[in-house]
Amino acid sequence: MKSYVRGMIIFLVLYFAGIFIFVFITGKADSSSAKKEQLILKLNDITNKASKNWNDLSQLDKENFRVPFVILGQENEKLYVSPELSEKMDSGGINQLSPEKAIKQDYLYKYVLRDNEVLGYVILTDNGNALNAMRIRVIIALFISALVLLTAASLFGVYIKKSIINPFNKMEEFAGKVAEGNLDEPLLMEKNNMFGVFTESFDIMREELAASRKREIALQKKEKELVASLSHDLKTPVTGIKLSAELLKAKLEKESVEAGADNLDKIEKVDNIYKKADQIDVLVTDLFTSTLEDLGEFKVNCQDEESQVLAEIVRKYDDKEMVVSEPVPGMIINIDAKRMSQVIGNVISNSYKYAGTKINISYSLADDFLEMKIKDFGPGIPDDELQLVTNKFYRGKQWADSNVEGSGLGLYISKTLMIKMGGELLIENDHDGLCITLLIPLS
């Protein structure tokens with residue numbers, strides 16, 4: 001539409017420029033008095049010839065005066081009409097001419113004299129104003145035609161906008177909404193819309209996409225419910241394996257003490273079974289938590305706890321005994337202890353898995369939060385990935401193709417849990433490692 005308006009403006013500018021050029025040129029030509037002088041000379045010439053040939057005015061036909069004129073007698077009777085005048089006027093109009101009317105019409109006229117006797121009159125019906133009148137009529141016609149063209153173009157533009165551009169804009173807007181996933185708003189059809197068939201097809205497509213998305217959501221929900229059910233069911237045998245491994249390890253250690261049996265190799269293997277089962281337990285727990293979050297059924301029950309519970313959680317997951325922790329400041333924090341255990345366990349497990357160095361834990365107060373910093377001394381995370389590692393199933397580029405096992409759920413679940421408990425999880429590269437900060441809300 002902008003191109004159409006721009007084209008119309010250019011056309012009108014050129015059109016009016018042409019009119020003004022015409023006015024300027026014709027006005028300049030018309031302002032000259034040369035034509036008036038020529039008419040007077042012709043009038044004198046015609047009068048002289050008429051005086052000489054008064055008895056036979058038909059002799060004037062041999063002359064080529066190139067101006068319209070009429071010769072009248074003393075009683076205003078028509079005696080001669082030039083060919084130019086007879087082509088432009090009817091005889092009635094010619095008969096009505098007289099010197100008095102010639103004066104009113106500003107026509108040039110002259111007496112035909114012979115021996116000081118007035119024989120008749122020669123009247124030129126071209127006074128020089130005819131061309132000017134025609135010029136004015138042409139200018140008016142040009143302006144009227146410009147107005148008509150402008151009106152027609154405006155009406156045509158309104159028609160184009162209403163019949164073509166607006167429907168296209170609505171379809172474009174509709175396509176944008178569909179691309180954004182908004183499939184609930186129908187595409188309304190207007191009466192006499194020339195794109196009615198396309199509009200109806202677009203709306204049918206929207207309905208099919210909406211139905212397809214509903215089916216997909218229902219299928220995804222069933223899949224997630226199945227994963228949640230399986231994850232929950234897997235926890236029972238895994239817990240049994242861990243308990244059996246603990247009992248077997250305790251029995252072997254007791255035999256070693258009481259009977260002096262050399263069970264170190266067996267104890268190590270049983271301990272490996274326990275650790276692998278514990279890894280499976282962590283993965284199943286993360287998967288179960290993530291699935292519940294997707295289903296919108298993940299709940300966090302926060303309550304007041306003594307801050308010393310954090311030290312107990314750290315000891316629980318420090319199976320390599322490489323954590324160096326400051327004393328926890330005594331205060332009351334508002335957390336879900338079970339979920340906080342999951343958060344800290346995931347962070348320490350990640351540090352052992354990817355850094356393999358000692359871990360320093362420090363505490364400080366920051367407004368209404370207890371700030372818990374967990375820092376390792378590994379390679380850290382590239383700066384362009386810091387905001388991505390808490391996304392679901394995302395693993396760093398340097399670890400994605402490595403032999404290090406991982407699901408990409410640990411930090412995602414940890415951040416989600418901290419937010420649900422009213423806190424936050426922040427990740428930053430320190431100068432010699434990676435630092436994860438937990439903002440734990442106070443009571």
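The protein exposes about 27200 Å², of which carbon and sulfur atoms supply 57%. The model is a predicted one. It contains 12 helices and 11 strands, and 35% of the 443 residues count as buried. Of the contacts between residues at least 6 apart in sequence, 63% join residues at least 24 apart.

The largest nonpolar core comprises 38 residues. Within this core, the most contacts are made by Leu310, Met340, Ile344, Met372, Ile427, Leu438 and Ile440. Two or more residues each are contributed by helices H9 (308-317), H10 (337-354) and H12 (410-420), and by strands S7 (332-335), S8 (359-366), S9 (369-375), S10 (424-430) and S11 (433-441). H10 provides the largest share, six residues. Beyond residues up to four places away in sequence, Ile344 touches Leu310, Ile313, Val314, Met372 and Leu438.

Asp376 lies in the loop between S9 and helix H11 (397-400). Asp376 is buried but forms no salt bridge; Lys375, the nearest side chain of opposite charge, is 6.1 Å away. A polar contact of 3.2 Å links the side chain of Asp376 to the side chain of Ser351. When neighbours within four places in sequence are set aside, the residues in contact with Asp376 are Ser351, Ala355, Thr357, Lys358, Ile359, Asp432, Gly433 and Leu434.

Notes
Residues numbered from 1 in each chain as written. Predicted model: local features only at pLDDT ≥ 70, side-chain atom pairs only at ≥ 80, totals over all residues. Heavy atoms only, no water. Core = buried A, V, L, I, M, F, W, Y, C linked by side-chain atoms within 4.5 Å. Buried < 20%, exposed > 50% of the residue type's maximum accessible area, 1.4 Å probe, protein only. Helix = DSSP H or I, 4+ residues; strand = E, 2+ residues; numbered from the N terminus. Contact = heavy atoms within 4.5 Å. Lys, Arg positive; Asp, Glu negative; His and termini not counted. Salt bridge = Lys/Arg side-chain N within 4 Å of Asp/Glu carboxyl O. Polar contact = N/O pair within 3.5 Å; in protein donor to acceptor, adjacent residues only side chain to side chain. Areas by Shrake-Rupley, 256 points an atom, 1.4 Å probe, with all protein chains shown as cover.
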